[in-house]
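Visitor: I am new to this structure. Please take me through one part of it closely, and then show me what surrounds that part.

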Amino acid sequence: MNIKCENCGHEWIYRNDLQDEVVCPECQNEIKVSAKAGDASLERDMDEIFQEHSAESSSLIPILQAAQKKFGYLPRDVIEKIAEYLEFPVSKVYGVATFYAQFRFEPLGEHMIRICHGTACHVKGAEKIAEAVENKLGIQTGETTEDGQFTLERVACLGCCSLAPVMMVDDTAHGNLTREKTKEIIDRYRGEET
Amino acid sequence: MSNKNIRVGYASCGIAAGAEDVYQALVKSLKKHGLDIKLEKVGCIGMCHNEPIIEIEDEEGSYTYGNLEVESVDELVEKHLIEEVPYEEKLITSPFEEYDYFSKQRKVVLRNSGVIDPESIEEYMEKDGYEALEKALDMKPQEIIDTIKESNLRGRGGAGFPTGVKWQFAKDAKSEQKYLICNADEGDPGAFMDRSVLEGDPHAVLEGMVIGAYATGAGKGYIYCRAEYPVAVKRLGIAIEKARERGFLGENILDSDFSFDIHIKEGAGAFVCGEETALMHSIEGKRGMPRPRPPFPAQKGLFGKPTNINNVETWANVPWILRNGAEEFSAIGTEESGGTKVFALAGKIERGGLVEVPIGTTLREVIFDIGGGIADEKDFKAVQLGGPSGGCLTSDHLDLPVDYETLTEAGAIMGSGGMVVMDEDDCMVNVAHYFLDFTQEESCGKCTFCRVGTKRLLEMLEDFSKGKGSDEDIEKLKVMADKIKKYSLCGLGQTAPNPVLTTLRYFEDEYKAHLEEGTCPAQVCRKLITYTISEDCIGCGTCAEECPAKSISGESQEVHVIDQSLCIKCGACQEVCPIDAVEVE
């Protein structure tokens, strides 16, 4: 969930839902997370989503998608709110959410790198591209870099087969990759940050 | 306003190749030269191998330019639009020159793709769009179904069930509420036909669905689209809104007493949801797991009501059939199967892209005449049809006509239309492993034979790729594959062993080379190959710098050496060596 320090104004994403007291990484001010379900901004955001979707079973996936779009992932308290709204047990909401590859339960890096492993990409060396990215970022597929800049994932197919091998950074697809080109692209995204 | 108009290919693959930058550069260049020319963003033109592409049309015909870069745009504008001479450097086709990529194709489904602006309903209507719907509403529902039956249209999602018969089941089902679904969960890796249709001509799909709804008596429709296709979802949303404004969707369509509306449901990344019962569970908000049939969706489908479900390409054929007649459609294909099929041609091919050919065209025509053969002067080895449910065919099969029965007999399937070409550098054990890895990951886990069986098969293939195993293991593998096919509930499990079985059937020698000689003839399986540096090495050090495992050492200007105990066999050194001194065996 998003937390704002009332002392210094620093805002960040709180990754551990189980603590009820956290320390602001900027000013070391102690903040009570009475928040859980009572977090005003979370409540407001979720209400906005619920207004768009009626409380019926078929709304579950669209609601999960909308919530993930809003928060970048599905924190536990968001799942609980959804369960409450649809009058489902929390386990059922988790059951559906974990079935689909799209949903994630941990925060994402700022940039999402998806390496395509479609058939065309496979025969054109997707594995090597993935290795090049892993080496460049120092993480394995499925992980996020320590500085929170990049998350690396593999996808089954992006459908740009004629440009294989392909990877997608955020919403932009990059095609006809080589190891060299891949590294340059990552550097470009890094450059934007600084 | 000039009589010319410019179209920029603006589908996902075009954008990935840089269409956005080219478009920006074009706008700037036209402005700089004070030219007032209509500039349009269109869907996929089909020549993905030449992206980014623009087409300039005047009364003489159209000129296509491809492989454009931002830097060449200004020169193109100056040459073609000001001096009025073609810009030869980037010219692909002109009105005076036939391009054989298109001469064997027949555009039915892709008739408007790359021609009209997919976000404009007016342009679709200029191409006789929604005329078929008007015609349909003057017909009786049974007449429409009879027309579809006569056309010999069969389901383009892969199984090839006759569409008219399916509609008949849905029409005959008695219920107050009926549903209609467009399956746009195109999940086969290596397939992008449906994406291109949705991105290039979304109204054709909508029009087909409205006609289908009128014929079967459905009141509500869903398009279940892959979440990985954001451009398609966006264009469909725009198309639905515009169709509603014009009265082609919603209450009392075209002032008749027929009402029907369409909603988009975005998938959430589960391959199994391409299976119809799993897809319906997903729309209902459940885990996308298949259930046994019967009851078939036509009796008991979405929310327990009769439901008719067809694939994107099937729907896009419907308006054409109504407009041009069943006879003309059935004349295009073979006796058993009318019309065309769209294939996504990719892999080691010279000219990859979206190809639409009459059903019954041979594989050779598609791969060599249209696709221009194998890239980089390599030899053809195999073509993989139908994605993870399909199989690999060899050069012996190149003269087979592409139709449902022939391909099934050969061990592959027509499938949804993915066609991935492989050359001598591809290892068939590795390809089988690749597909099985995919299906194993995507198995929903409901049936034991699919869940556990695919895992066991995968483990065996992993051993094979390390050179471990015997003839006996190949037999075991066949038995296991057979059981998975027999005892799985849905298409995913029933077809999962196909890539393994066809590669075994046609490339048994290659399996044997792995097991008996411990070699991988295509030099792909990492456990069976060794990289070495030859005496030709000039000692530039590029490979040592590149090696992620730091396994290469040597003095500057001297021959370098790979430490085999550290080498991870990624091949990076071979790729960067300026004089090809890295050898693999």
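Guide: The domain bounds used here come from an automatic or database domain assignment. The model itself is predicted. Chain B is divided into domain 1 (5–97), domain 2 (121–331), domain 3 (340–423), domain 4 (428–517) and domain 5 (530–584). Let us look closely at domain 3.

Start with the sheet. Five strands of chain B form an open sheet, in the order β11-β10-β14-β12-β13. The pairing is mixed. Two strands sit at the edges: β11 (353–358) and β13 (391–393) of chain B, each pairing on one side only. From one strand to the next, the twist averages 30 degrees.

Now take one pair of neighbours. Strand β10 (residues 340–347) of chain B runs parallel to strand β14 (residues 418–423) of chain B. Four bridges join β10 and β14 of chain B. Look for B:Leu345: across from this residue, in β14(B), stands B:Met419.

A helix comes next. Helix α15 (residues 363–370) of chain B lies across β10, β11, β12 (380–385), β13 and β14 of chain B. Its direction makes an angle of about 135 degrees with β11(B).

Helix α21 (residues 498–506) of chain B packs its buried residues against β13 of chain B. Those residues also pack against α17 (428–442), α18 (448–465), α19 (471–487), α20 (491–495) and α22 (508–517) of chain B. Seven of the nine residues of α21(B) are buried, so this helix is largely enclosed by the rest of the structure. Among the buried ones are B:Pro499, B:Val500, B:Leu504 and B:Tyr506.

Helix α10 (residues 202–216) of chain B has 15 residues. It reaches 21 Å from its first C-alpha to its last, close to the 21 Å expected at 1.5 Å a residue. Here 15 of the 15 residues are buried, so α10(B) is largely enclosed by the rest of the structure. B:Gly217 follows α10(B), with a positive phi near 85 degrees.

Step back to the whole chain. The C-alpha centres of domain 1 and domain 4 of chain B lie 47 Å apart. Chain B also meets chain A: 37 residues of chain A are in contact with 47 residues of chain B. On the side of chain A that touches chain B, α6(A) gives the most, with four residues. That side of chain A divides into 19 nonpolar, 14 polar and four charged residues.

Definitions and conventions. Residues numbered from 1 in each chain as written. Chains lettered and ligands numbered in written order. Predicted model: local features only at pLDDT ≥ 70, side-chain atom pairs only at ≥ 80, totals over all residues. Pairing = 2+ DSSP bridges. Axes fitted to C-alpha atoms, helices over the stretch in contact; angles between N-to-C directions. Contact = placed C-beta atoms within 7 Å. Expected span 1.5 Å × (residues − 1). Buried ≥ 20, exposed ≤ 12 C-beta atoms within 10 Å, placed from the backbone. Nonpolar A, V, L, I, M, F, W, Y, C, P; charged D, E, K, R; others polar.
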